Every structure is written in structure tokens, then in C-alpha cells.
Amino acid sequence: MNEVQNNFKSFDEQIEETEIEKKLSIPAKRLMEKLEPIPSKAESLKYRWFWELVQNASDFNTEVDIEIEQTENQLVFKHNGQPFKLVDVENLITPDSDKDDTDIDDDYIGRFGSGFISTHTLSSFISVEGLVKDKYQENVHYHFSFDLDRGNYNDKKKLIESIQDSEDQFKGNYKRAEHIPGAFETKFTYDLSKGLANLKPKEIAHFGIDFAIKVLPYVFTFLPKLKSVRFIQNGINRSEHYFFQKNRDALKSINTIGFSLNSVPQQDINIHYASHEATTVAVQIKDGLVEEYPENMPVLFLSLPMIGSEKFPFPVIINSGKFNPETERNGINISDNDIDNRQSLLNGTVAYNKLLKSLSEHKIENLFHLVKLKSDQIKALVNSTWYQNKIEKEFKRIFEQIEFINCNGTSNSYSGLKLPFIPENKTESKDLEFYDTVCDLIKNKVPSRLEYIQWLKNIDFTIFKNIPFRLEAAVRIVENAKNLTQLSTLLNKNVEDSTKWLATFIKYIIANDNGLLTKYKLIPNKSKEGTFVNRDAEIYVDNEVDVDLIEVFNKMKDQDYNNLLLNEIITREVANLLPSTKVKNWKSIAKEIDDIFRIRLDDNSRLSKREIEGLNLLLKWLKNKGFPDWDQLSVHFPTFDSSYSSFFMESFDDDEKVKAITIRNSGKQDSLMKLAESDVTEDELNTVIDSISEVKQIVNIIASGTNISNLTKLAELYPDGIPENIMDYAEEDARKKREFNNLLDVGSKVEKLFIKILEGYEIFSERDKVIHAGGGAYDVRIYNPDTKKSFYIELKSCRFQNTEPINIAVSQAKRAVKELANGNFSIVIIERSVDNVMDENYIRTNTKYFKNPGEHLKSIGENYDTITANSNTDGLVDLKMDHAEFKGLLNYDWLKEKIGSSGFEELIADVKKALT
């Protein structure tokens, strides 16, 4: 009874309550129908909410600026457009309750209603604030505010109460206010702490803003009345993105959008576009390059993106004011009844043609981003047949006519384009490997290596069937070249580089489709042209067959042995190209030659002229093997071995047979054969024969070791005979050389004895302990492999009781100075005995040890360097030194004074010290 009393309402109140329920029942029902699916559609709505708000802001304004600010638990959307109409406010509170087509302008993208309701994906609680126009009085406006609380979106009664609360707030809070054009008077505030069901509003807000930042440049292009958008995200890391219309160049079809990040101006965003009728296509250009569309970018726009059209099969973003989208604005239908949509797409191909031409003419690169036309997406369309016959066909025509692809400096359309393509086991590295292998074959038909992969990814070969360039197509091109000479012309390389390219190509074939080497002629032989044959042809690897035997083969077979051989570079570069049995060695060649003799015997026929010439060459080759006593003759030339005398004699006429017998009887046939085999001409040989009496003198000259070439030069210098004074000089020079050679022998004996003594001491070395250089900057080096240290000795021997200066080479003096800091260079002087008879004891006793001579020899090197630096300078006036010899001289008395009593024992002590 008490409960009934507590819920008691007067009859008037009941009438009012019933009227409200009846009035708001249908709006509440519609609201429930639109709110309930939101949680399940959150994946698409997280992209869509921002655009619904932009749509509502732009629909009733000629210009509008938008600002969004997100804080920890709140997102505020505001704009500076025109005030609301009263019907707009009512549609916010009671969506679709009394919506009438007469209230909607023709150019509106949408109106408050179902689109706005979808923004509840951000929050169940929205605060609305703005100005509303007086319906009957000009320039009269009222400020209002109310809340839209859809927290109980699945409870109709509570939704009715919520709607009534909003109505009451609107009716109770409005007051007259002045409208200030340009001021941000309209504001929607979303409480991000109150989400529908299990939605995460903060994440949805972030996601929507990030996506909007990527898409906005295109919206600015398609929706010119949108003047600026500012995103402010307050949090741990505050950020502010500001986009604004900067310049629209209709002549160049470029829309420039200004952009700043955290109040710092960034690079302008340039959108290039082309239009036909009411349809526009657009793409972003940066630094002369087409920018790839962001991931999940809608393809269809009705000023704003149609979320859900990401996979629509159009290669660029397309916008049309004539598009009739589906109810959810996620795409368009192209049925026979959707005439505007079909025409807009056809207009889009015309606009695309303009855009592609323009970009190509202006040398814009990365055009591969504009050719994504996928057959699977086309087939997924409900009316795919119409699309294939109209849109796809038109794109084919465009791509085959416009030369927009840079193929290593040559512009090509699809009709001339080739893309290396492997159908199986595809990876980017394998694609590039194939590209690198065949690129040189089609250099002016294939994009650069940097762009190749992108073209490969973006062109659908099920639509463009003539573009893929497969391995067998490359093989056919190589085969058609016929030989290395023509291949080098095709590749624009020299023959050697072309052969190396072919080796790489053949290795690729072996790894990927080995059978092609049998099916096609690709393997070059060793002929001059490098003729191509297949792997089953008569082609072999040469196993170092003797060149003389090859000459025999060529003569007797009347063919070029090189035609049977695999090209040398291919042999070296391509392992196991031919079966192991396909090898030519001298034994197999010998068998083929012997087979000719066998055939002649079997046919009882004579050797041809070429075969006789080959026989003579064979006899020459066999002679080097010891013919006729070569024990392998019967093994490798069995037919020839049994019948060579008859083959040999059948090549002689009667007169030649008599001469042969005479030569044989003289016992000089071996010597005469060598003479015959030499390059001495018949005329030269006749000259010798005419002077046969002088031949023995010539023999004596040769036997003496005299250089015949030098005698010939001397005779040429004095054609009238060698003068007497030249002969006198020669005799005196010969006498001096005999004396010098005698001293050289004695000096060598001293060196050998000295080294032998050194080797008797416990001194470690790299080779036999003591290394004998025998010339250069020193004579002896003693090396300790443990410490890696060396001691150098320059050995000088002189006559008994010498008084002459000691000679020293400039290089030796410089080495002495260089090693001064290390204390490891010395000069050793040994006076020979009076009769030049010496032993080890004599050498040890008479060793004079000149320690650290570099202290005294610096001037020798410096004076030498001064002379060489100032001579032969190629100046207009110059000091010319022609074959001058410089050496240092050490006064012997001075030298003995510097040495003092230092001898062999002191030398050994310093050596050990230096090597420690």
C-alpha cells in the first residue's frame, strides 16, 4: 500500500507521461536500433567517428575551421561554422524523429542523425553546446547546452527519460546571444571515461586522430571549404598537429596544404590531382616522388572517405560528388541501376589518364604506386563483368599508351615493359637474383633495380599477361644471338665480359631449370665466334691436349678442334656443366686420328693431300715421343704403328724416295730434320750452303759461347769492316775482365769462409741461422726468429797491405744511417793473404770490425740526393746525368783508425746483444 502511494501520480501527470512516452517511443526505438550495433562495429567506427563530425560541421557552411582537443578523459570537437537550425538541434536529441527531405540542402554530405549517433563509439555521454537560429527572426540567435546520455542504450524506457532530460535542458537553458562569425561557437564534448559496453574510448580516440592525420590532405583537396584542422593531444607528451589550406593552383592542379607540428612549420604537403566532370583523382607528391598511400587508405571519397572502400579496385583515390554510397557509406554499388556511380568511375579513368600523363611529363618518379589494379578485388565485386569490360579495359589502354615507366633511361608503356618473374618459391632476394641475371638482356625494357620490386608487387600479371619475363623467354633471346660475338652486341659488352655474363646465366639455369640447357642452344664452344650449342651436342672439355697434336687433328679431320671444345671461360666459371664423360684428351684424339688410317686401309684408298700434311705433322709430334721406338705407339696408334712405313712412303714420288734414302745413308737425318723443322728459309739455307767452307768457323764461334746477336749488331754498325782500334779496345777489356773475375772468385771465397765461421756460433736465424743476401744494402743478415730482430753486415775484402780507399754503395751508406738507432749495422774489412790462400782461422784473425758506421756516412746519401734532385728535371735549362754511377769512398788509413783493435770477438758480442 505504501509503495503504491509512493508511485502515485495525478491523472493529469499520467496523461502528460503517456503523451511523452508516445511522442518519444519511436525516436527511442530508432536510437536503440542504432546504438546497439555500435560495440560490434567498433573496428570500422574507430576510423569513422572523426569524419562524421567533419561531415556535420561542413554540411551547412561555406567555410569551416575545426579543432579537436583530447585530454585524459575528454575529447572536445568544435568548429566555427554557422549556428544550428532548430531542426538540427532536435535531430541531435531525437534522431530521425521528424526528419524531412525538405529540411536537407542538396549539397549536404549528410545531416545530424544516424551518422552522428555513431560517434557514441567515443562515449555514451556527450555534452553539446552552440548557437541556434531563430526560425522567424533574422540575426537572432540563442545559446544552448544540453547532455546526451546514452548509457542505458539498451533500455527503451530509460532512453525515453534521457531524451526528455535533454529536451528539458535545451528548453530550460537557452538564452539570447550574439553570433560572432569565425568564433568556435559549436562544441561537442565526449566523456572518454564512459564507454558503451566494453569499448575503450581513449584508444578509439587516438586511433581515429592518427588515421585522420594521414587522410586529411586528400580531404582538403576534395573539400575546399574545409579551411583548417587542429589536433591537440594533451597527455604525458603533448602534441599539436595543424593542417590548413595554403594554396590551390588550378592551372597546375596542385593543392598545397600547410602543416605545422607543435607550432613548428613543416614541409608543405602537395596533392596533385586531375578532374573530369565531377570526378577527381589525387596523389601526394614529395621531393619529386609519388608518396605511397597510407595503409588502410579508403579508395572512394564523397568529399570524405568511405570507410570500408579500402579494397575497391581502383588504382588511385577517387572522389566524386555524384557517388551514391551505400547506407553505411562504406562503398558504392555498380549495378545497372547505379548509373551515377558507373559514370563517376568512367570519369575517374579519364581523370587518371590526365594525372598519369602530367606526372610522367614532369618526370615524377615512383609511379609504381599508381598502378595497383588487382584481379581478385575486381572479381569480388557484385558486378565484376561490367567493371572488367569498362574500367579494367580502359586502364589497360591507358597503361599501354602512356610511356610512364623509366626503364634505365628509356621511357616505356606496358606494351614495352618486361618484369623478370619467377612463379615459384618467391622471395625478394630470389626476385632480385633473377633480375640481376637477366637485366642486361632487356635493359631498356625493365625498370631500374631500385624500382623493380615495387613494380613487381603492384602489377597484376593475371590482368597484364604480357609483362612477366620468365626464364625461358630470356633463354630464347640468348639462343637467338647464336654466338658470343652477337651476344656481346646485344649486351653492349666486350666478348670477355659477355662470356662471364653468360657463365652467370648458365649457372642460374642449372640451379633453377637445368633441362633448358638441353632444350636450347646456349653453351658456347671455343671457336672464334663462340657458337652456341646445347648440352647434348658434340662439345667437350679439353684436358690439356698437346697443341701440336691438335694441329694434326685439324689437318687430318679437316675441321677445327675448337668447335668441339667448351669455351675456356665457361669451363672455368661453371663447374660440372657437361657430363664427366665429355672430355677430350690426347688419347681420345689419338684414336680419332688412327681411325682415319684404319678407314684408309679398310677401303684400300690413299691419303688425301690434307691427310698427308697431317701425317707429316704427326711424325713431328711422334718424334718428340721417341718415334719410332716409343713403346706406347701400338697402344694409341695401333693402325698407324702397323703400317706407318707404307703411309709414309706413299706420300713420296720416285725422286723424293731417292733423296730420302740418300739422307738416311748419310746418318744426318736427325740433324737435317731439325733444320727442316726450323724457321730458316730456303734462301737463307742456300746462303749457308754457298759458304760451306766457312761453316766450321761459325761453329767454333758458337762453341765459344759468343752471343751471335751481338756479333750481328757489331757487323751492322760497321758494314765496311770492324776498325782496328775497336779490336784493340776489346783485347784490353778482355784482359781487365779476366783480372776482375779472378778477384771476384777470391772475394767470394772470403765471403764463404766468413759465413761458415758465423754459422759455427749459437745464433738463431730464419734460414740456416745466417742469411746470405750477397748484394744490395748488405751482404749478411743474422736473424733471431724469437725476438724478430736482425743484425746486418757489409763485408769488404781488399788486397794484402792495402792502401786504396774502400768503395761503398750509396744504398749501403743509407742503410747504415737508417739502422744507426738500432745499433745493428756494421762493416767488416778483411785483408786477403799475400798468396790468396786463406782458411777460417785466417779470416777470424784478420777481421776488422767497423761498428755503427752510420755515424760517419750520412753525407754520402745526402750529397747523392742533392745531385739527383737537381738533375734531369726536364727544365728548359737542365743538368743532365746520363748513366752516371755514384759510390762512396772510405780512406783506408782513416778507416783503420776508426776501427782500432775491434775484431771478430767484438763483432759476435755486439750481434748477440742486438738480437737479444
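What follows is a set of questions and answers on a predicted model.

Biologist: How many helices and strands does the secondary structure of the protein come to?

Modeller: The chain is a predicted model of 916 residues. Its secondary structure comes to 33 helices and 31 strands.

Biologist: Is the protein spread out or a compact globule?

Modeller: For 916 residues the globule rule gives 29 Å, and the radius of gyration is 52 Å, well over that value. The C-alpha atoms fill a box of roughly 160 × 95 × 70 Å along the principal axes. The radius exceeds the rule, so the protein is more spread out than a compact globule.

Biologist: What percentage of the residues in the protein is buried?

Modeller: A residue counts as buried when its relative accessible area is under 20%. The accessible surface of the protein comes to about 50,100 Å², and carbon and sulfur atoms hold 47% of that surface. Of the 916 residues, the buried part is 43%.

Biologist: Why is strand 29 described as largely enclosed by the rest of the structure?

Modeller: One side of strand 29 carries Phe825, Ile827, Ile829 and Glu831, and the other carries Ser826, Val828 and Ile830, all of them buried. Strand 29 is largely enclosed because the number of its residues that are buried is seven of seven.

Biologist: Which strand pairs with strand 29 in the antiparallel sense?

Modeller: Strand 27 (residues 789-798) runs parallel to strand 29 and is joined to it by seven bridges, with Cys798 bridged to Glu831. On the antiparallel side there are five bridges, and Ile829 has Lys848 as its bridge partner. The antiparallel partner is strand 30 (residues 847-851).

Biologist: How do the rings of Phe84 and Phe144 pair, stacked or edge-to-face?

Modeller: The model holds 42 aromatic pairs. In this one the ring centres of Phe84 and Phe144 are 5.5 Å apart and the planes stand at 70 degrees, so the pair is edge-to-face.

Biologist: How many residues apart in sequence are the parts that Phe84 and Phe144 tie together?

Modeller: Phe84 and Phe144 are both buried. Phe84 is in the loop between strand 2 (74-79) and helix 4 (86-93), while Phe144 belongs to strand 4 (residues 141-149), so the parts tied together are separated in sequence by 60 residues.

Biologist: At what angle do the ring planes of Tyr414 and Phe464 lie?

Modeller: Tyr414 and Phe464 are both buried, and both belong to one aromatic cluster that also includes Trp455. Their ring centres are 4.8 Å apart, and the pair is edge-to-face because the planes lie at 90 degrees.

Biologist: Which residue lies over the face of Tyr242?

Modeller: A charge over a ring also occurs at Tyr540, where the charged end of Lys582 sits 5.6 Å from the ring centre. At Tyr242 the distance from the ring centre is 4.0 Å, and the residue is Arg230.

Biologist: Where does Ala197 lie?

Modeller: Most residues other than glycine have a negative phi. Ala197 has a positive phi of about 50 degrees and is partly exposed, with a relative accessible area of 46%. Its place is the loop between strand 6 (186-191) and helix 7 (201-222).

Biologist: Is Lys788 buried or exposed?

Modeller: Lys788 also has a positive phi, near 60 degrees, and is in the loop between strand 26 (778-784) and strand 27. The cut-off for exposed is over 50%. With a relative accessible area of 59%, Lys788 is exposed.

Notes
Residues numbered from 1 in each chain as written. Predicted model: local features only at pLDDT ≥ 70, side-chain atom pairs only at ≥ 80, totals over all residues. Heavy atoms only, no water. Phe/Tyr/Trp six-rings, centres within 6.5 Å; stacked < 30°, edge-to-face > 60°. Helix = DSSP H or I, 4+ residues; strand = E, 2+ residues; numbered from the N terminus. Buried < 20%, exposed > 50% of the residue type's maximum accessible area, 1.4 Å probe, protein only. Lys NZ or Arg CZ within 6 Å of the ring centre and 35° of its normal. Rg over C-alpha atoms; globule rule 2.2 N^0.38 Å. Areas by Shrake-Rupley, 256 points an atom, 1.4 Å probe, with all protein chains shown as cover. Pairing = 2+ DSSP bridges.
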